[in-house]
Every structure is written in C-alpha cells, then in structure tokens.
Amino acid sequence: MSTSKSQRLVNLVICLRSTSAYLSAGEIRRMVQGYDDCENEAAYLRMFERDKRELRDVGVPLEQGASLAPGSPAGYRIPARGYELPEITLTPEQAGVLAVASEVWREGERAARADGALAKLTAAGIDPVHDAGATVSVEDPAELAAAAIVAEAVAESRLLTFSHTRAGATEPSTRRIEPWWTGSRHGNWYVVGHDLDRGEPRTFRLVRVSDVRVGQARRTVPVPRTTEVLALLDDAIARLNPVVEATVWAADGHAAELRAMARGAEPAVRFGRPGADLEVSSPLGELSSMVASQGADAVALRPAELRVRVVTILTAAQEAVR
C-alpha cells in the first residue's frame, strides 16, 4: 500500500526528531516509510528535496551536519531545542473546560482533533483530565450537555440558572448560582459556586440538574482560591456520599469489580451458595450501585446505610419494570 504525502512527512519528522546523530540521505530512505515507493535513486532525491523544503516552509528546524555514514558528506536531523514547545501551564478552570470540550467533541466529527490535542498536551507534561480534578467520563448525554454549558459559564464568569432535584425530592426547584468550578469526583460531575438565593457556597451534582441557562456576567462575591473551592466540594461529597468501610458477600464466579476492590476476602457460604465476604472501602453511592447491579449475586452485609441504599435501588428497579 502506498504512503500518502502527509504520512511520509510525519514519518520523516519522527525519524529526524528521534536521533541525535545526522542521518544521511541513504539512511533516511531506508528508515522512512514512503520513500520506498520511489522507483529509483534520482526520484527519491527529488522527493526528499521537496519534502525538506516543505518542512522548512512550515517552520520545522531541519539541521544539516556531518553524517556518520562513511563517504556521505552530509546528514540531517531535527534538534530538540528548536522543535519542542515552550512549557504550557493551565489553570484548573482552563484544564476543566478543555476536558469537558474534549468530551463534547468526542460525540461528533471533531473527535479525532480532540484526541490529538489531548495527546499532544499529555506529551508536553499536561494532563487536562486529572488537572480538572478526576477522570473525565460522562455517559449520560443530558449530563454531558449540562457539563458543557456549565464549563462555559465558569470560564466566562456568567450567572447560571437551572432546575435542581435534590436527593429524595420529587419536584425540582430553581437555583441561581455564580459558578466557580466544575469537574468530576469519583465519576460524578459537580458544579461549585455562590448560591444567590441562599447567600452561601453550594455544591450540585450535574446528574440532578436540568434546564441549564447561562445569564449575563456578574460578580457579587469574590471567587475563592481553587484550593478552597475544591475543599468545599470534598466536604459536600463527604456529607452526601461518604466513604464507607463495608462488608459485601459475593457469590463465587460473580462481582469481579467488587472482588478487585476488596482489601480482604473470607470464604463464606450464604443463602445456600458458596462465596466470599469482601472487605471494601468505597464512596457510599458508587458502592450501592455496584452491589445492586449484581442482583442476587451480591449482598450488602454492613453498614446499615449501605443496605438501605441497595434495597432502595433494587426496589425502584423492580417498580420500573412492572
């Protein structure tokens, strides 16, 4: 299969950037995929000259010097000092916006560009996903859309209005906040900001948010330092979704994820089936969902709040299929 021009140029850059020695034209022809398409030496040298001009025209610092190849008068390389990007620094807010944008683009025609941009930033020593606070993963399209709108509002310091349904409630209430930060913790997306109606900082899970609207820019209180905002988030999560030390029974051959998380396991026959009592430490909400997803193959033994949540999830699921 022939190599396209763009592929050949990328291969050439990789080859010349990966060496500290000067490579002769003959060595380059043997090493770079794409030049083997040339039918003879003269055709290769013409193509190589064109490629060198194109790289220099776009600013790639192609350097010429003495080659190590016997009898070869010159060689080529791309020096790191002239080709590396300067150090790039992102604030947590900027990194968060980038991470959300990459998730939005992943759903459409820009997926390849987003993946490429994130790969280049990672290669430069920047991790937009983890700088944003946690692994970026939004499976629910509605939550994805909300995350994109909220990230825009945070970046532009604009007012957010949305409907929020708190845990245990059946009807949503309208909330207005000045958003300070958005990102994820333990796979859940949050926004932290100043609640204009309550007059104090509040944290909201985006899965409980709908009808998000962005208003005009306004600031009634100073924005705290990022470390303070994240501390508020962690405090809210600790209250609403505390990490619990739990014992969960899992039937043999099931609940692989729970078994992988377990710090310890003791064989136990329960409910007439062989299995193991697993010692697990995990946020209450996530652990409840994992146990409930196993149905009869996993049972929460302790603490009581874990048992209650698992029963609640299973009861709601049963009612939904009636």
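User: How many helices and strands does the chain have?
Analyst: This is a predicted model. Both kinds of element occur in the chain, and the count is 12 helices and 11 strands.

User: What share of the residues of the chain counts as buried?
Analyst: A residue counts as buried when its relative accessible area is under 20%. The chain has 322 residues, and the share of them that counts as buried is 40%.

User: What pLDDT does the chain average, and where is the pLDDT below 50?
Analyst: The average over the chain is 78, and 75% of the residues score at least 70. One stretch below 50 covers residues 107-118, which has 11 contacts beyond near neighbours in sequence. Where pLDDT is low, the predicted coordinates should not be read in detail. Another stretch below 50, with 41 such contacts, is residues 120-139.

User: In which strand does Thr 247 lie?
Analyst: Residues 243-251 form a strand that includes Thr 247. That strand is S8.

User: Is Thr 247 buried or exposed?
Analyst: The cut-off for buried is under 20% relative accessible area. Thr 247 has a relative accessible area of 8%, so Thr 247 is buried.

User: Which side chain makes a polar contact with the side chain of Thr 247?
Analyst: Beyond four places away in sequence, Thr 247 touches several residues, among them Asp 277, Glu 279, Val 299 and Arg 302. A polar contact of 2.8 Å joins the side chain of Thr 247 to that of Arg 302.

Key
Residues are numbered from 1 along each chain as its sequence is written. This is a predicted model: local features need pLDDT of at least 70, side-chain atom pairs count only at pLDDT 80 or more; totals for chains, interfaces and linings use all residues. Side-chain values use heavy atoms; hydrogens and water are left out. Helices (H or I, at least four residues) and strands (E, at least two) are DSSP runs, numbered from the N terminus. Buried means under 20% relative accessible area, exposed over 50%, partly exposed in between (1.4 Å probe, protein chains only). pLDDT is the predictor's confidence in each residue, from 0 to 100. Contact means heavy atoms within 4.5 Å. A polar contact is a pair of N or O atoms within 3.5 Å; within protein, one must be able to donate a hydrogen and the other to accept it, and residues adjacent in sequence count only if both atoms are side-chain atoms.
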